[in-house]
Amino acid sequence: MNNYTVQDLWREFPNDDACLEWVKEHRWPEGIYCVKCQRVTRHHRVKGRRSYECDYCRNHVYPTSGTILQKSTTPLTAWFGIVHRMASTEGATSARQVQREIGVTYKTAWRMCKLIRHALGEHIRGVQAGRGAGGTDVKRGSAGKGALAGSPQGPARTRLTTVQFHRMLAKVFSINV
Ligand SMILES: [Zn+2]
C-alpha cells in the first residue's frame with residue numbers, strides 16, 4: 001500500500017489552479033451543466049477568479065460555492081495542506097502548527113482546523129477504529145493526541161492511500177464521490 005506523502009501532495013497540487021481544477025473535476029465529473037444554455041457545455045478557467053466560464057454564453061460557475069472554501073481568501077493549497085496533515089495524523093494537528101507552517105493568523109488557522117476536523121470527524125474516527133486497539137477513545141477537539149502518544153504503536157502515523165486522501169478531500173469539500 002502506497003503512502004500519500006507531503007511530496008505527493010505538492011506534486012499533485014502545486015498551486016491553487018491545480019486545487020480548483022480538482023474540485024471542479026470531482027464536483028462535475030460529467031462536465032459542467034450550464035444553466036443558461038441548459039446543457040453540458042465547455043467551460044474555461046477565468047484568470048484571477050475561482051471560476052470557470054461557459055464558452056458559449058459566458059456564464060460563470062464557482063466550484064467552491066456552497067463548500068467551506070466559499071468565502072475563504074486563504075490559498076486553496078493551504079486548505080489542501082491542512083486536510084493532508086489532519087488525514088495523516090488522525091486529526092492530531094493543532095491550530096498553532098498550522099499557523100506556523102502555513103503562515104496564516106492563529107484565528108484563521110483555528111477556524112480552518114475546526115471546519116476541517118468537523119467535516120472529517122467520522123473519517124478520522126473511522127481510520128482510527130480500523131487500527132484496532134485504542135480506536136474508541138479518540139476525542140474530538142483534542143483529537144486524542146495524548147491517548148495516541150501512549151498507545152503501544154507509538155505516535156500515530158497512518159498510512160494514507162491516494163484514494164483515501166481524495167475521499168477525505170471530497171468529504172471536506174462536500175463533494176459526493
Ligand atoms: Zn452557457
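Which residues of α2 are buried? The buried residues of α2 are Cys19, Leu20, Trp22, Val23, Lys24 and Arg27, where buried is defined as having 20 or more other C-beta atoms within 10 Å of the residue's own, with C-beta atoms placed from the backbone (12 or fewer counts as exposed, and anything in between as partly exposed). The structure is a predicted model, in which local features need pLDDT of at least 70 and side-chain atom pairs count only at pLDDT 80 or more, while totals for chains, interfaces and linings use all residues. Residues are numbered from 1 along each chain as its sequence is written.

The protein has seven helices and five strands; these are DSSP runs numbered from the N terminus, with helices (H or I) of at least four residues and strands (E) of at least two. From the N terminus on, their order is α-α-β-β-β-β-β-α-α-α-α-α. Of the 177 residues in the protein, 30% are buried.

Helix α2 covers residues 16-27. The buried residues of α2 pack against β4 (51-54) and α3 (76-88). Val23, which lies in α2, is buried because 22 other C-beta atoms are within 10 Å. Leaving aside residues up to four places away in sequence, Val23 touches Pro63, Thr64 and Phe173, contact being defined as C-beta atoms, placed from the backbone, within 7 Å. Val23 and Ala170 are 147 residues apart in sequence, yet their C-alpha atoms are 8.0 Å apart in space.

The axes of α2 and α3 come within 8 Å and cross at roughly 70°; axes are lines fitted to C-alpha atoms, for helices over the stretch in contact, and angles run from 0 to 180 degrees between N-to-C directions. The two helices, α2 and α3, are therefore roughly perpendicular to each other, a term used for angles of 65 to 115 degrees. Asp16, Cys19 and Leu20 of α2 meet Leu76, Thr77 and Phe80 of α3 in this contact.

The largest nonpolar core contains 28 residues. Such a core is a set of buried Ala, Val, Leu, Ile, Met, Phe, Trp, Tyr and Cys residues joined through C-beta atoms within 7 Å. At least two residues of this core come from each of α2, α3, α5 (106-130) and α7 (162-172), and the largest share, eight residues, comes from α3. Trp79, Ile82, Val83 and Ile116 have the most contacts inside the core.

Definitions and conventions
Expected span 1.5 Å × (residues − 1). Contact = placed C-beta atoms within 7 Å. Parallel < 35°, antiparallel > 145°, perpendicular 65-115°, else oblique.
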